[in-house]
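Please keep the coordinates open while reading.

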Amino acid sequence: MISRQFSLLFVLGLCSVLFVSGCAVDKRPEAYSNAIVVSSAFPAHGSSQPQYAAVQSALLNRNLLIADNGDVLPVMKSMCETDMLYRVTSTDLPNYVGQHQDLFAGFYLDVAFVNGSWKVVSTDNNFAQVNSEFELSLLASVLIPRVTTSDVFIVRPQPNISAKALKDLLASVQSLLPVKRTRFVVENKLAKQVEQAGFRAVLEHAAAKYWYLGDTLSTSAAQDRTFFAINSSANAELVAFATRSQPLMACMQAHNFVQPPSKKFNIKSKATDLPSVVSMLPSNADFNQLSEQQKLFSSGKYLTINGDVLKYSTYQKLQAGSRCSRLSPSDPLYKYCEDRKQDVSADFKRRKATMRKQD
């Protein structure tokens with residue numbers, strides 16, 4: 001009996017000791033924090049406004065989304081398969097610049113020394129004519145609040161800049177932009193000066209291990225500036241482009257990433273609501289002209305990204321009768337096929353074109 005009581009007391013005593021010592025070494029925090037940062041999968045540049053809810057759902061199925069200002073954009077910058085930069089030409093920036101971590105890789109600036117100070121200018125690829133300008137110092141108040149931690153900057157001074165003027169520009173930019181993520185477009189002979197200042201150089205002419213600026217022929221109305229690098233096969237490879245007003249078209253020109261339509265158009269199709277139209281539009285359609293697409297739908301036509309009016313039936317015949325239809329959007333020949341389809345089509349009506357000088 002005594003032995004049993006002793007055993008019971010021993011067990012109770014041992015449990016008490018373990019409980020007390022457990023409390024003594026308990027190092028749990030009063031509040032817990034997440035081990036990882038969790039963010040929404042919906043890109044920040046996409047609109048969550050109720051008025052866009054239905055069309056937003058239809059666009060997302062095509063690798064697209066609509067922004068608060070009504071612009072249709074790629075869902076992710078990776079869709080372009082190269083870096084897309086926003087070209088700054090004024091202090092009036094779209095709202096999605098600043099919510100662009102999933103869209104733009106950074107910014108591109110043309111700068112010139114005008115009336116005694118460095119200014120951001122709007123000009124053509126050759127700096128032949130300056131259309132507008134604003135002080136480079138305004139970047140701090142206009143651009144920096146919108147910058148993300150991963151943004152890169154490409155700054156291009158006017159051609160034929162002297163080493164002395166470049167030194168002054170490097171010092172000015174150093175106080176405004178993160179040095180490690182800023183590149184300067186300069187003559188090949190000035191690359192060393194740029195690198196000694198802690199920046200990276202983009203060259204005006206091709207050279208191994210450097211990005212270089214594409215000439216005017218490699219630009220377009222959507223891709224204002226293009227940048228290439230020499231790859232392992234000694235061929236030029238597009239590594240980045242700058243765009244101002246047409247990011248979707250610029251991205252599609254680099255890589256047609258738009259998913260095929262989920263619904264097939266036929267002559268009996270009567271759905272005229274915009275989400276249904278979006279789900280039937282061919283992959284080469286201009287998704288930034290949705291109101292026009294809705295009007296054309298009733299006549300069995302649509303507007304292409306190149307500004308042509310094409311029949312749905314023509315597109316479907318071309319898709320069915322060409323080996324291009326067996327290619328995925330990631331295939332190198334896919335874009336070539338898409339371009340050639342419109343070249344051979346006799347059923348589309350070319351719209352009146354107006355030639356203009358690229359700015």
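Predicted model: local features only at pLDDT ≥ 70, side-chain atom pairs only at ≥ 80, totals over all residues.

## Nonpolar cores

The largest nonpolar core contains 72 residues, and Phe184 and Phe287 have the most contacts inside it. Helix H6 supplies the largest share of this core, with five residues.

Beyond its neighbours within four places in sequence, Phe184 touches Val155, Pro157, Leu169, Leu170, Val173, Val194, Phe199, Arg200, Ala201 and Val202.

## Helix H6

Helix H6 spans residues 247-254, and six of its eight residues are buried. These are Pro247, Leu248, Met249, Ala250, Cys251 and Met252.

## Salt bridges around Arg87

The model has five salt bridges. One joins Asp110 to Arg87 at 3.8 Å, N to O. Asp110 is in strand E4 and Arg87 in strand E3, so this pair ties together parts 23 residues apart in sequence.

Arg87 also pairs with Asp224, at 3.4 Å. Here the separation is 137 residues, with Asp224 in the loop between strands E10 and E11. Asp110 and Arg87 are buried, and Asp224 is buried too. Arg87, Asp110, Asp224 and Arg225 are linked in a salt-bridge network.

## The Glu133–Lys119 pair

Another salt bridge connects Glu133 and Lys119 at 3.1 Å. Glu133 lies in strand E6 and Lys119 in strand E5, 14 residues apart. Which of the two is buried, and which partly exposed? Lys119 counts as buried because its relative accessibility is 10%, under the 20% limit. Glu133, at 36%, is partly exposed.

Methods. Residues numbered from 1 in each chain as written. Heavy atoms only, no water. Buried < 20%, exposed > 50% of the residue type's maximum accessible area, 1.4 Å probe, protein only. Helix = DSSP H or I, 4+ residues; strand = E, 2+ residues; numbered from the N terminus. Core = buried A, V, L, I, M, F, W, Y, C linked by side-chain atoms within 4.5 Å. Contact = heavy atoms within 4.5 Å. Salt bridge = Lys/Arg side-chain N within 4 Å of Asp/Glu carboxyl O.
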